[in-house]
Amino acid sequence: MNFKKSTLNFLVIFLLSATNLTVAQQVKTFTIKLNDLKAEIQPTMWGVFFEDINMGADGGIYAELIKNRSFEFAAPLMGWTIKRKQFTEGDVQVLSRKEISSANPRYIQVTVSNAIKGSLSLTNEGFRGMGIKNGLRYDFSMMYRLNSNGVRLHLELVNTKGEVIGEGLLSPDATGNKWKKQSVSFIATATDPKAKLNIWFEGNGVIDLDMISLFPGDTWKNRPGGFRADMVQMLADMNPGFIRFPGGCIVEGRELATRYQWKKTIGPVEERQLIVNRWNTEFIHRPTPDYFQTFGLGFFEYFQLAEDIGAAPLPILNCGMACQFNTAEFVSLDGIGPYVQDALDLIEFANADAGTKWGRIRADMGHPKPFNLTMMGVGNENWGPQYVERLKIFTKAIKEKHPEIKLIYSCGTDPDGERFDDLNRELRKMNADIIDEHYYRRPEWFMQNAARYDNYPRKASKIFAGEYAAQSDKTVSPNNKNNLLTALSEAAFMTGLERNADVVSMASYAPLFAHVDGWQWTPDLIWVDNLRTYGTPNYYVQKLFSVYKGTHVVPFLSNNRPVTGQDGLFGTACIDNKTNELIVKFVNTSDQQQAVNYKIEGSGKLPRKALITVLTSDRPDQENSLDAPLTISPKDQEVDVKNKEIKFSVKPYSFNVVRVKM
Ligand code: AHR
């Protein structure tokens with residue numbers, strides 16, 4: 001290397017860093033005006049978006065361990081393997097009783113002759129294996145029909161080494177021509193993230209099997225056939241104001257036949273008709289041929305989940321249009337009646353008493369009290385005049401009968417462009433209650449748009465930031481990462497949502513869950529494998545905003561201006577009149593440490609200490625992982641409050657939540 005050149009380079013770098021240091025060392029002053037209450041922050045402000053994408057429901061939160069339990073996948077034995085000592089034609093047959101059960105027609109018939117261990121067995125591989133925990137109870141059940149006694153089913157959980165780590169035995173009684181359910185529970189003797197279940201047959205007889213099911217004993221609230229408790233806990237910890245369900249594109253379906261139809265997702269699980277998951281084939285680069293929707297997590301369970309975690313339920317319904325990127329199949333306007341009726345009936349299902357048809361069904365499912373539905377979305381990422389004309393039909397019918405229900409209209413797929421502008425104009429002409437905007441954009445966009453809502457109309461329609469996530473690469477790229485930088489850019493943008501809480505009434509990151517071995521779309525808020533979960537830095541941003549939501553925005557100003565990116569800094573302040581706290585959310589997206597001073601005006605005597613929760617790391621591209629889940633996670637520290645001022649040093653690349661009692 002040329003010495004002179006390198007010395008010069010060094011000098012330039014030194015001078016540049018010295019200048020940066022000087023800039024960084026200048027104390028930046030921010031004024032907080034406690035007496036100037038601005039917008040009221042809605043209890044619904046920060047929520048969660050749930051969609052069965054990335055194995056979020058089947059293979060995810062829905063704790064069923066058997067894949068293709070009812071043999072209704074396109075390939076009836078997908079997920080199952082048959083082992084036999086000697087091949088006998090027709091010993092395992094897939095049969096159908098379509099005339100009796102159109103929702104769940106297929107079952108298998110196993111003919112067992114003088115069988116002993118090793119003669120004939122079925123193995124289910126689970127969803128990328130089965131997560132099994134040492135010492136935990138597992139509940140096996142099946143629907144069966146047996147003509148005479150004499151068949152025994154041996155159940156074996158087998159770990160990755162082929163060792164048996166849990167055993168059960170069923171000796172079903174003959175049922176004649178009737179279907180019956182039989183169950184057995186057993187305890188696992190070891191932990192394995194990718195176990196399998198073997199069922200081997202003993203004896204003689206012909207047995208029909210369907211709905212072969214295995215659940216862990218530690219489901220959320222110990223509900224049989226319930227949810228993975230660790231995944232629900234991650235949601236509950238966020239204290240979400242609402243839960244949007246069931247999506248997302250899944251609402252639309254690739255074609256109308258595979259749209260989400262809530263009525264087919266309630267009642268006994270064995271009567272819920274399985275359909276293909278639209279994410280099964282969506283991305284050629286991430287095919288998931290074994291992805292189907294069993295609807296074990298159906299609309300009743302969604303409402304129940306919302307209630308469990310204290311979130312307002314927000315169902316999104318199909319508006320009579322399938323995904324416009326896929327088939328763009330639309331129902332004709334004279335055929336739209338059943339779609340609208342679905343919306344009206346859903347309100348009855350959620351809110352009416354047990355004297356009504358749909359209220360009765362809810363009560364019979366175990367929830368006599370209403371679910372308090374107050375809002376509903378019509379359409380997901382739909383656009384064009386075809387959407388608007390369908391929306392008008394829905395609106396008229398729903399508002400006539402239920403003026404109390406707030407309707408959410410989609411503003412398409414993007415936060416700008418012709419489609420967005422056209423829709424925005426039309427929806428506002430319709431006096432939309434709430435408009436659902438989506439942004440999947442690069443981190444820079446999020447930072448540059450922190451003031452997006454500062455000049456939005458204040459009195460008209462409210463905004464639901466219904467789906468957003470910063471894309472470190474580009475939308476739908478499998479290379480997108482949930483790193484610190486994307487999280488900070490979202491936090492920066494969210495300060496703008498909070499500052500404009502009089503316009504923005506709700507917001508949710510999307511998608512929510514992803515299985516490390518079964519995802520189609522990244523980035524995602526929470527990642528899981530069969531036994532573990534971890535929150536991304538983006539999760540902690542969402543959680544901190546939501547947990548420290550506050551009740552009223554107050555001005556947070558630098559030189560009398562909102563803090564929307566000056567020197568890479570973003571900030572908002574609010575008070576919480578329930579906890580009597582001032583809460584400041586402050587994002588430093590720069591690589592420089594920043595000395596700041598918050599001057600608090602309009603307060604009485606303040607305590608001597610404030611609490612700061614900091615989310616940061618050395619590198620903006622740093623991520624969390626299953627093995628290091630807390631690398632980027634909130635850490636608390638104290639800071640002095642003197643003369644109504646809070647002075648402290650803000651770390652580079654950090655999100656800071658400062659709280660002080662008022
Ligand atoms: O969140 C993933 C997908 O992104 C949603 O299903 C869809 O609404 C959006 O395009």
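Let's start with the second largest pocket, which holds about 380 Å³ of space. Keep in mind as you look around that this is a predicted model. The second largest pocket is lined by 22 residues, and those closest to its centre are Phe325, Glu381, Thr475, Val476 and Trp521. Sort its lining by class and you get 11 nonpolar, 7 charged and 4 polar residues.

Now turn to the largest pocket, with about 700 Å³ of space. Its lining takes in 29 residues, and Tyr62, Pro224, Gly225, Gly226 and Val269 are the ones nearest the centre. Which elements give two or more residues to this lining? They are strand 8 (137-146), strand 11 (180-187), strand 12 (192-216) and helix 4 (299-308). Strand 8 gives the most, with 5 residues. By class, the lining of the largest pocket splits into 13 nonpolar, 8 polar and 8 charged residues.

From the pockets, move on to a pair of helices. Helix 5 (residues 337-351) and helix 6 (residues 357-364) have axes that come within 7 Å and cross at roughly 45°. An angle under 35 degrees would count as roughly parallel, and 65 to 115 as roughly perpendicular, so helix 5 and helix 6 are oblique to each other. Their crossing is right-handed.

As for who touches whom, helix 5 brings Asp345, Glu348, Phe349, Ala350 and Asn351 to the contact, while helix 6 brings Lys357, Trp358, Gly359, Ile361 and Arg362. Taken by class, the contact of helix 5 with helix 6 has 4 nonpolar, 4 charged and 2 polar residues.

Conventions. Residues are numbered from 1 along each chain as its sequence is written. This is a predicted model: local features need pLDDT of at least 70, side-chain atom pairs count only at pLDDT 80 or more; totals for chains, interfaces and linings use all residues. Side-chain values use heavy atoms; hydrogens and water are left out. On a 1 Å grid over the protein atoms alone, a cavity is a set of points where a 1.4 Å probe fits but cannot get out, and a pocket is an open set with protein on both sides within 12 Å along at least five of seven lines; lining residues have an atom within 4 Å of a point. Grid points are joined across faces, edges and corners, and a volume is the space filled by probe spheres set on the points. Helices (H or I, at least four residues) and strands (E, at least two) are DSSP runs, numbered from the N terminus. Ala, Val, Leu, Ile, Met, Phe, Trp, Tyr, Cys and Pro count as nonpolar, Asp, Glu, Lys and Arg as charged, and the others, Gly among them, as polar. Axes are lines fitted to C-alpha atoms, for helices over the stretch in contact, and angles run from 0 to 180 degrees between N-to-C directions. Angles under 35 degrees count as roughly parallel, over 145 as roughly antiparallel, 65 to 115 as roughly perpendicular and the rest as oblique. A crossing is left-handed if the near helix is turned anticlockwise from the far one by less than a right angle, and right-handed if clockwise. Contact means heavy atoms within 4.5 Å.
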